[in-house]
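Morning, everyone. I have one structure to walk you through today. Please have a look at it while I talk.

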Amino acid sequence: MQRKIITTADGSKTIQIEGWNEQYHSVHGAIQEANHVYIEHGLLFFNSELNSEKNTLSVLEIGFGTGLNAILSLLISEQQKLQIDYVGVEAYPVSSEELKELNYQEVLQLKNNVFENVHACNWESSHDITKHFTLTKQKKFFSDINDINCYDIIYFDAFGARVQPELWTEDIFKKMYDALRLHGVLVTYSCKGSVKRALKSVGFSIERLNGPPGKRHMLRAIKR
């Protein structure tokens, strides 16, 4: 399927899949969306409201994609001296040619070739990207996740239910529920009724929150 690099409204780039009319990030701003949904309402919310450890947490990303959510989480880990163990799951990794066209290193003013280091490290192994941020990339389908009580936060950043409804089912969300620790948080840009019902059906308590620019609402789910 034809793919191309596009520039979003905040100047950051993303990948568009033309046949699906679907993007890896919002056309209203890739970095803006990721910060709003995953960092502000996911990582920072959990760390300020629910994190009993206070200096350490674990994140599972469903849809590692361009690595943007991982990079933004890494920046928070450095700013707050917060130890983050980050696992990114991706069935179809972004190509090296596409990665060269993305501009997160420049827009975010990253130091020490962080963007390149995140993508250069081997899959299936744990890597200390910085003193505070450990990354493991796993190449597999979301349906193959069988972790139990491992994570504090899940960034659910799969392609939309319009094009891949099989990724937004009760079966998948049951795996997410099981993978989270008690009081763990799942955040996603989606606010579809079917997604809310699926999350509730497996045991999550859900909140509808204001969405990022260009989107009215998003969802946060908590394992009570």
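**Aromatic rings in the core**

Skip its neighbours within four places in sequence, and Tyr86 still touches Val59, Glu61, Phe64, Asn69, Ala70, Ser73, Phe133, Thr134, Leu135, Thr136 and Tyr155. One caution before we go on: this is a predicted model.

Now, which rings pair up with which? The count here is 13 aromatic pairs. Take Tyr86 and Phe133. Their ring centres are 5.4 Å apart and their planes sit at 40°, so we call this pair tilted. Tyr86 belongs to strand E5, residues 83–89, and Phe133 belongs to strand E7, residues 133–138. Are Tyr86 and Phe133 buried or exposed? Both are buried.

Next pair: Phe156 and Trp168. The ring centres are 4.8 Å apart, with planes at 70°, so this one is edge-to-face. Phe156 is in strand E8, residues 151–156. Trp168 is in the loop between E8 and helix H6, which covers 170–179. The two are 12 residues apart, and this pair also links distant parts of the chain. Phe156 has 0% relative accessibility, so it counts as buried. Trp168 has a relative accessible area of 5%, and the cut-off for buried is under 20%, so Trp168 is buried too.

Rings can also join up in a group. Tyr38, Tyr86, Phe133 and Tyr155 are linked by ring pairs into a cluster.

Charges meet rings as well. Arg220 lies over the face of Phe45, 3.5 Å from the ring centre. Lys223 does something of the kind with Tyr177: its charged end sits over that ring, 4.7 Å from the centre.

Back to Tyr86 for a moment, and one of its contacts. Thr136 is in strand E7. Beyond residues up to four places away in sequence, Thr136 touches Tyr86, Val87, Gly88, Glu124, Ser125 and Ser126. With a relative accessible area of 12%, Thr136 is buried.

Now step back to the core. How many residues does the largest nonpolar core have? It has 74. The residues with the most contacts inside that core are Tyr86, Tyr155, Phe156, Trp168, Phe173 and Leu186. You have met several of those names already. Helix H1, residues 30–49, gives the most to this core, with 9 residues.

So what does H1 look like? There is a kink of about 40° in H1, centred on Ile39. And why call H1 largely enclosed by the rest of the structure? Because 14 of its 20 residues are buried.

Last, the whole chain. It has 7 helices and 11 strands. The radius of gyration is 16 Å, close to the 17 Å that the globule rule gives for 224 residues, so the chain is as compact as a globular protein of that length. Along its principal axes, the C-alpha trace spans about 40 × 40 × 30 Å. Of the 224 residues, 55% count as buried. Then contacts: take those between residues at least 6 apart in sequence, and 66% of them join residues at least 24 apart.

If you keep one picture, keep this one.

Definitions and conventions
Residues are numbered from 1 along each chain as its sequence is written. This is a predicted model: local features need pLDDT of at least 70, side-chain atom pairs count only at pLDDT 80 or more; totals for chains, interfaces and linings use all residues. Side-chain values use heavy atoms; hydrogens and water are left out. A nonpolar core is a set of buried Ala, Val, Leu, Ile, Met, Phe, Trp, Tyr and Cys residues joined through side-chain atoms within 4.5 Å. Buried means under 20% relative accessible area, exposed over 50%, partly exposed in between (1.4 Å probe, protein chains only). Helices (H or I, at least four residues) and strands (E, at least two) are DSSP runs, numbered from the N terminus. Contact means heavy atoms within 4.5 Å. Rings of Phe, Tyr and Trp (its six-membered ring) pair if their centres lie within 6.5 Å; planes under 30 degrees apart count as stacked, over 60 as edge-to-face and the rest as tilted. A charge sits over a ring if NZ of Lys or CZ of Arg is within 6 Å of the ring centre and within 35 degrees of the ring normal. The bend at a residue is the angle between axes fitted to the seven residues ending there and the seven starting there. The radius of gyration is taken over C-alpha atoms; the globule rule is 2.2 Å times the number of residues to the power 0.38.
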